[in-house]
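Please walk me through this protein model in plain terms. I would like to know how its parts are arranged.

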Amino acid sequence: MKLASERQELILAAVRAQGTVRLADLVDKLGVTPVTVRRDVTVLADRGLVVRVHGGIRLPHRGIAEGSASAARSAFGRLCGGEIGMVVPSVEYYWPTVIRGVQSAVTAAGGRLLLRASAYDPAEDRRQVTKLLDRGMQCLLVAPSTEGSRGLDLLRWLGSLNVSVILMERVPPPELPVLALDAAYTAHGLGAGMAVRHLVTLGHRRIGLVTSRSSPTSRALRRGWSEAVSTLGLPEVLTAEVPAYGQPCWAQAYDELLRRCREHDVHALIVHADREAIGFLERAQELGIDVPGDLAVVTYDDEVAAASDPPLTAVCPQKYRLGALAAELALTRLADGAERPVHRVELWPTLVIRESCGTPAR
């Protein structure tokens, strides 16, 4: 039986000779099982040596004929009276504003948005995408789960589809460095750094970070916070994950963290997201902690931050613009086809200063 490296060389030779090769033909040619062929193809695709297409593979740098380009432009024209599919992990909190941005851009192009909600689960993401494909969608906007091996398999599958797929608020992880999917996403790590720097300008040197256990944004925020405090020569005094505001035992968890702030002499917190930050303000008042006098608070999201007491300084991702941009990427990808290079567009969040940080630290 041939070694994996030998099989992969034979696969590459076949693709070089034929341009596009069906997986079924590779099974016959190599005399191995379909599972073995799929495993070898996955290794080659992850290394950027081949690209999956429906039922087969091709070389990654194939030009597009003028006829194909014309067909893509024609498809764009049809889409203006057609439909775009969208799969998001939730239709509550954060995502409604993104959805409105997408809908605005699609409607302006004369199209219609078909929305489906998933549940931060790769299997459910795939099920919802499949339902849209069954409807004949030629453009998909997806915010998939990317964690673990199941997330990687989902991304590989999305990359193999013969339709335009645009990632929203997601980028392929380092394990898939050449996955050719467009993406529009927020620089969440940069946003955390903005919050740190604002607090430093007010005189704070011991700045904690609180993230929600349920959010995929937490990892980027922790990375951005850590890089900022390291760059500025600050101590990494306190980080914590807490349950969502209103979940069982939330009050006890928040009270415990506020006690740790006192213990570690932390007088400034960055909290993700608004609902958790509002919960911290509520518990601080119960414990006799004055905000902003004893504790400055910056929230990350700015969904309802202005309505808190006191109003919360917030890092605000540009959610509506992100949705509109993702739709524009999808429409342009459909028009240009394979001629268009992969686009990864990163939007910076903005800082909205309100009362919860107060004046310079005492």
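**A walk through the model**

Ser212 belongs to strand 9, which covers residues 207-212. Keep in mind that this is a predicted model. Is Ser212 buried or exposed? Its relative accessibility is 3%, and a residue counts as buried under 20%, so Ser212 is buried. Apart from neighbours within four places in sequence, Ser212 is in contact with Ser218, Glu241, Val242, His272 and Glu276.

How confident is the predictor overall? The protein chain has an average pLDDT of 89, and 93% of the residues score at least 70. Residues 62-77 have a pLDDT below 50. In the model, this stretch makes 18 contacts beyond near neighbours in sequence.

Next comes helix 8, made of the 14 residues 188-201. From its first C-alpha to its last, helix 8 reaches 20 Å, close to the 20 Å expected at 1.5 Å a residue. Which residues of helix 8 are buried? They are His188, Gly189, Gly191, Ala192, Gly193, Ala195, Val196, His198 and Leu199. As background, an α-helix has 3.6 residues a turn, so residues three or four places apart point the same way. After helix 8 comes Gly203, which has a positive phi, near 100°.

Leu232 leads back to helix 8. Leu232 sits in the loop between helix 9 (218-231) and strand 10 (239-242). With neighbours within four places in sequence left aside, the contacts of Leu232 are Val196, Arg197, Val200 and Arg205. One of these, Val196, is among the buried residues of helix 8. Leu232 itself has a relative accessible area of 32%; this lies between the limits of 20% and 50%, so Leu232 is partly exposed. The C-alpha atoms of Leu232 and Leu181 are separated by 35 Å, and the two residues are 51 residues apart along the chain.

In general, strands of a sheet pair through backbone hydrogen bonds, either parallel or antiparallel. Here, strand 1 and strand 3 (residues 56-58) run antiparallel and are joined by three bridges. Which residue of strand 3 is the bridge partner of Thr20? The partner is Arg58.

Definitions and conventions: Residues numbered from 1 in each chain as written. Predicted model: local features only at pLDDT ≥ 70, side-chain atom pairs only at ≥ 80, totals over all residues. Heavy atoms only, no water. pLDDT = per-residue confidence, 0-100. Contact = heavy atoms within 4.5 Å. Helix = DSSP H or I, 4+ residues; strand = E, 2+ residues; numbered from the N terminus. Buried < 20%, exposed > 50% of the residue type's maximum accessible area, 1.4 Å probe, protein only. Expected span 1.5 Å × (residues − 1). Pairing = 2+ DSSP bridges.
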